[in-house]
Amino acid sequence: MSLQTFINKAISPWMQEEGPDHDIVLSTRIRLARNFTNVPFPVRAEAEKLKQVSNWIKEHFDKQSFSSYQELDYISMEGLQSLQKKALVEKHLISPYLVEREKESGVLLSKNEQLSIMINEEDHIRLQLYFPGLQLEAGLEEAFKLDDWLEDKIDYAFDEQRGYLTSCPTNVGTGLRASVMMHLPALTLTRKIGKMIPAINQLGLVVRGIYGEGSEAVGNIYQISNQVTLGRSESDIIEDLHSVVEKLIERERYARKVLVEQSELRLEDRVFRSYGVLKYSRIIESKEAAKCLSDLRLGIDVGYIKHLSTSILNELMVLTQPAFLQQYAQQALTAQQRDIKRATIIRERLGLEKS
Amino acid sequence: MECQKCQKRQATLHLTNYINGQKTEIHVCQQCALENGYIDSEDESSYSIQDLLSGLFNFNSSFAPQAEPSQVLEKEDKCSSCNLSYHEFVKTGKFGCSHCYESFGKHLNPIFKRVHSGNMAHTGKIPKRQHDRLQQKRYINDYREQMKQLIDAEKFEEAAVVRDKIKEIEQKHASSIRKEEGE
Ligand SMILES: [Zn+2]
Ligand SMILES: [Zn+2]
């Protein structure tokens with residue numbers, strides 16, 4: 001398979017579009033947790049009951065289309081090989097927990113991979129929608145429409161006082177988790193982000209780094225999401241998150257400007273060194289790759305590098321994850337082999353850009 | 001900022017927690033947060049509910065001796081529908097079914113308050129098909145309250161008017177149920 005074909009398969013179409021504020025916001029995700037009434041939650045339900053849930057979903061929604069979400073396809077976890085499952089996780093289309101559960105779990109995926117509905121995860125239904133760039137309001141509107149469409153055929157567990165009932169008390173009420181993925185290299189470099197995070201937490205929002213083995217914000221990519229789901233309306237939650245994200249965008253842009261003005265050649269040097277590493281290295285670990293990709297993307301955004309497309313960071317962050325490297329190689333790889341494959345794929349991907 | 005637990009990696013999670021009524025801020029790396037149960041691996045943005053619940057036990061025993069006996073946590077309480085015990089709920093931090101919310105009702109307000117910044121009641125979306133019925137219920141509750149006040153004020157004629165309004169809504173509701181069942 002050629003790299004271009006592989007990229008087209010590996011990268012969801014929506015990821016290649018440029019959304020609002022795409023210089024900083026990579027993507028927006030809206031998630032709603034829902035359950036069938038009168039069926040115990042997946043942690044406690046017998047396999048037979050969960051089968052009823054997955055059968056109901058298959059019967060009513062498999063091969064259906066709704067609005068721009070065409071040809072929903074029900075994929076059962078039991079029917080997938082472990083690398084395929086891992087690749088879906090690396091694309092964030094399913095959670096690692098769904099893979100762990102196995103029992104009657106699956107996902108309903110739209111053809112454009114913008115909509116994924118996990119079945120029998122922690123809750124019976126976890127509806128997720130992805131959008132490029134910052135699109136919280138539009139995203140919520142879409143999610144509500146889809147929720148109504150599902151609810152036409154499903155009796156949801158709902159309580160007047162507590163709202164949508166979920167397996168975990170942290171999701172009850174709206175069942176809403178809205179998150180925004182942001183690339184914040186300048187706020188990280190200038191160590192401003194550490195000071196901003198506690199203030200953001202005070203508003204009931206959580207900031208965390210994503211990617212990598214779970215330590216720091218690898219690739220300077222952060223996820224901001226709401227924590228409170230009860231006692232606030234969905235639009236209030238979204239509004240709070242939106243205003244914080246706007247503030248972060250403003251600060252990041254300012255920090256970039258100051259960096260460019262004050263660091264003279266040092267920032268440019270850092271960017272081009274990273275570009276060199278990506279372009280010529282033969283062995284590269286995921287952490288170094290992420291750091292260099294972040295530098296490269298910053299270099300593109302501030303105008304040092306003009307001939308590369310901005311989608312390179314999003315694409316290569318996904319493509320250089322372990323399961324994708326192995327899918328591309330079409331065989332299992334050791335950690336060392338992966339580092340070699342990673343370097344190759346990055347060189348090839350950069351080679352696809354006209355210079 | 002470096003992680004308070006391992007003092008090696010950078011702190012990427014900054015959590016506020018309330019233990020024994022004391023606000024504490026924790027700055028940790030994700031790995032330590034996972035290891036110490038501050039966050040769930042599957043749900044990225046919540047702190048460990050177990051942690052919150054165990055904190056709650058401390059809170060109840062040391063700071064609320066005046067709590068009524070009925071509010072003291074009875075570990076043997078069970079959900080009438082899925083048979084999950086309250087003890088198991090605290091241990092796993094997950095409800096077994098939607099009826100658990102009723103079964104453990106009396107214990108839940110402090111938990112929700114803690115997890116959701118003091119909130120206990122839903123104010124967001126209502127399922128479309130339940131919308132009309134819930135809306136009617138809200139009207140009826142308002143009218144009942146109004147009627148009570150009018151009776152207290154001995155304005156019986158006005159109270160009768162309100163009572164008729166309640167009847168009207170209830171009849172409409174009953175006929176719409178018959179229609180649904182007839183389908
Ligand atoms: Zn640590
Ligand atoms: Zn139960």
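Biologist: At what angle do the axes of helix H10 and helix H13 of chain A cross?
Modeller: Keep in mind that this is a predicted model. The axes of H10 (residues 286–302) and H13 (residues 335–351) of chain A cross at roughly 20° and come within 10 Å. That makes H10(A) roughly parallel to H13(A), because an angle under 35 degrees counts as roughly parallel.

Biologist: Which residues in H10(A) and H13(A) meet?
Modeller: From H10(A) there are Ser286(A), Ala289(A) and Leu296(A). In H13(A) they meet Asp339(A), Arg342(A), Ile346(A) and Leu350(A).

Biologist: Now H8. How do helix H5 and helix H8 of chain A pack?
Modeller: H5 (residues 136–151) and H8 (residues 234–262) of chain A pack at about 155°, and their axes are 10 Å apart. H5(A) is thus roughly antiparallel to H8(A), since the cut-off for that is over 145 degrees.

Biologist: Is that crossing left-handed or right-handed?
Modeller: Right-handed, as H5(A) passes H8(A). On the H5(A) side the contact is made by Leu136(A), Glu137(A), Leu140(A) and Phe144(A). H8(A) contributes Glu234(A), Ser235(A), Ile238(A), Leu241(A) and His242(A).

Biologist: And what are the angle and axis distance for helix H7 and H8(A)?
Modeller: About 165°, with the axes of H7 (residues 193–202) of chain A and H8(A) 12 Å apart. H7(A) and H8(A) are therefore roughly antiparallel. H7(A) passes H8(A) in a right-handed crossing.

Biologist: Which residues of H8(A) does H7(A) meet?
Modeller: Val244(A), Leu248(A) and Arg251(A). The residues of H7(A) that meet them are Ile193(A), Met196(A) and Ile200(A).

Biologist: Where is Glu264(A)?
Modeller: Glu264(A) sits in the loop between H8 and helix H9 (265–280) of chain A.

Biologist: Buried or exposed?
Modeller: Glu264(A) has a relative accessible area of 61%, so it is exposed. Apart from neighbours within four places in sequence, Glu264(A) is in contact with Leu259(A) and Tyr304(A).

Biologist: What about Ile117(A), buried or exposed?
Modeller: Buried, at 2% relative accessible area. Ile117(A) is part of strand S4 (residues 115–119) of chain A.

Biologist: What does Ile117(A) touch, not counting residues up to four places away in sequence?
Modeller: Gly106(A), Val107(A), Leu108(A), Ile125(A), Arg126(A), Leu127(A) and Leu150(A). Separately, the C-alpha atoms of Ile117(A) and Leu129(A) are separated by 8.6 Å, with the two residues 12 apart along the chain.

Biologist: Over to the metal. What are the protein donors of the zinc ion, ligand 2?
Modeller: The SG atoms of Cys79(B), Cys82(B), Cys97(B) and Cys100(B), at 2.3 to 2.4 Å from the zinc ion. The spacing along the chain is C-x2-C-x14-C-x2-C.

Biologist: Which parts does the pair Cys82(B) and Cys100(B) tie together?
Modeller: Cys82(B) is in the loop between helix H2 (49–63) and helix H3 (86–92) of chain B, while Cys100(B) is in helix H4 (residues 100–103) of chain B, so the pair ties together parts 18 residues apart in sequence.

How values were computed:
Residues numbered from 1 in each chain as written. Chains lettered and ligands numbered in written order. Predicted model: local features only at pLDDT ≥ 70, side-chain atom pairs only at ≥ 80, totals over all residues. Heavy atoms only, no water. Donors = N, O, S within 2.8 Å, 3.2 Å for Na, K, Ca; no water. Helix = DSSP H or I, 4+ residues; strand = E, 2+ residues; numbered from the N terminus. Axes fitted to C-alpha atoms, helices over the stretch in contact; angles between N-to-C directions. Parallel < 35°, antiparallel > 145°, perpendicular 65-115°, else oblique. Left-handed = near helix turned anticlockwise from the far one by under 90°. Contact = heavy atoms within 4.5 Å. Buried < 20%, exposed > 50% of the residue type's maximum accessible area, 1.4 Å probe, protein only.
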